[in-house]
Amino acid sequence: MGVAKQWFEGRSLGHGVTLIRETHVHPFARCNIWHVRGRDRDLLVDSGTGLVALAPLLPGTQGRPVVVVGTHVHFDHVGGHHEFSDRRGHVLEAAAYDSMPDAATVAHLFRELDEPVDMLPSAGWRRSSYSVRPAPLSVRLEEGDRVDLGDRVFSVLHLPGHSPGSIGLYDERDGMLFSGDAVYDGELIDDLGHSSVESYAATMQRLARLPVRVVHAGHHDSFDESRLRRLVDQYLMGRRRAGCPLA
Ligand SMILES: [Zn+2]
Ligand SMILES: [Zn+2]
């Protein structure tokens, strides 16, 4: 297997938002990395696996500081956090950011994939040595906190279920939600050791009432409010079918 010439692929979605993906990472572990240009500072929502340095490749930050927020502490979302100095994530996962243990990052799931990458990130790279570099938080986020870019402001929504400290970033003015793995247009995961079906159902009921124009999720394509409602319904119906009284 050869070394990849280009690791990241970027696509502008307008409104100062760029979607960045690691094209050579297994689809299961390929999260959406979101770069949002701001007047005073830029926002990076999640940072990928950390297999290749991301900071030098960010689209035109032109000296503006970058705030990196982790939607949750899973390996595919926070692997590049150590490259940035302004690191924010939910307080419930702060201890995990300090040392990035597999139990929190689930990095072992990546090592156990048949083919975690289809090109090498660097010469001699081995999956067995993969883990997430520690990246202690500089700011511990909680529900209602704000991330202010100067010309747009995102509110932190605590959306537990997939993991205890899962968060969304919501620009109420524009109806833009970065949802992480709380909701995306694919099969949602609520059966990890630190997942909670009860919390997930409550998160879904909250998302069902949230006015949105567009949801930029942790995986797969972005979607609108009607698709969000449908994904919420599908999750809650599935849980009811499975006999969960809490949904
Ligand atoms: Zn996740
Ligand atoms: Zn994910």
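A donor, in what follows, is an N, O or S atom within 2.8 Å of the metal. Water is not among the atoms, so a site may look incomplete. With that settled, here is the structure, which is a predicted model.

I start with the metals. Two zinc ions, ligand 1 and ligand 2, are 3.4 Å apart, and Asp181 coordinates both.

Take the zinc ion (ligand 1) and its surroundings. Which residues coordinate the zinc ion (ligand 1)? His72 through NE2, His74 through ND1, His162 through NE2 and Asp181 through OD, at 2.1 to 2.3 Å. Along the sequence, these donor residues follow the spacing H-x1-H-x87-H-x18-D. His74 is in the loop between strand S5 (66-69) and helix H1 (75-78), while His162 is in the loop between strand S9 (153-158) and S10, so this pair ties together parts that are 88 residues apart in sequence. Are these two histidines buried or exposed? His74 has 4% relative accessibility and counts as buried; His162, at 2%, counts as buried too. The cut-off matters here: a tetrahedral site needs all angles between 85 and 135 degrees.

Now the zinc ion (ligand 2). Its donors are Asp76 (OD), His77 (NE2), Asp181 (OD) and His219 (NE2), at 2.0 to 2.6 Å. The four donor atoms subtend angles of 88 to 155°, which makes this arrangement irregular as well. In sequence the spacing reads D-H-x103-D-x37-H. Asp76 belongs to helix H1 and Asp181 to the loop between S11 and helix H5 (197-207); the two are 105 residues apart, and the pair links distant parts of the chain. Asp76 is buried, with a relative accessible area of 5%. Asp181, the residue bridging the two zinc ions, is buried at 4%.

Last, the sheet. Five strands form an open sheet in the order S8-S9-S10-S11-S12, with mixed pairing.

Definitions and conventions: Residues are numbered from 1 along each chain as its sequence is written. Chains are lettered from A and ligands numbered from 1 in the order in which they are written. This is a predicted model: local features need pLDDT of at least 70, side-chain atom pairs count only at pLDDT 80 or more; totals for chains, interfaces and linings use all residues. Side-chain values use heavy atoms; hydrogens and water are left out. Two strands pair if DSSP finds at least two bridges between them. Helices (H or I, at least four residues) and strands (E, at least two) are DSSP runs, numbered from the N terminus. Donors are N, O and S atoms within 2.8 Å of the metal (3.2 Å for Na, K and Ca); water is not among the atoms, so sites may look incomplete. Buried means under 20% relative accessible area, exposed over 50%, partly exposed in between (1.4 Å probe, protein chains only). Four donors count as tetrahedral if all angles lie between 85 and 135 degrees; four count as square planar and six as octahedral if opposite donors are over 155 degrees apart and all others between 65 and 115; anything else is irregular.
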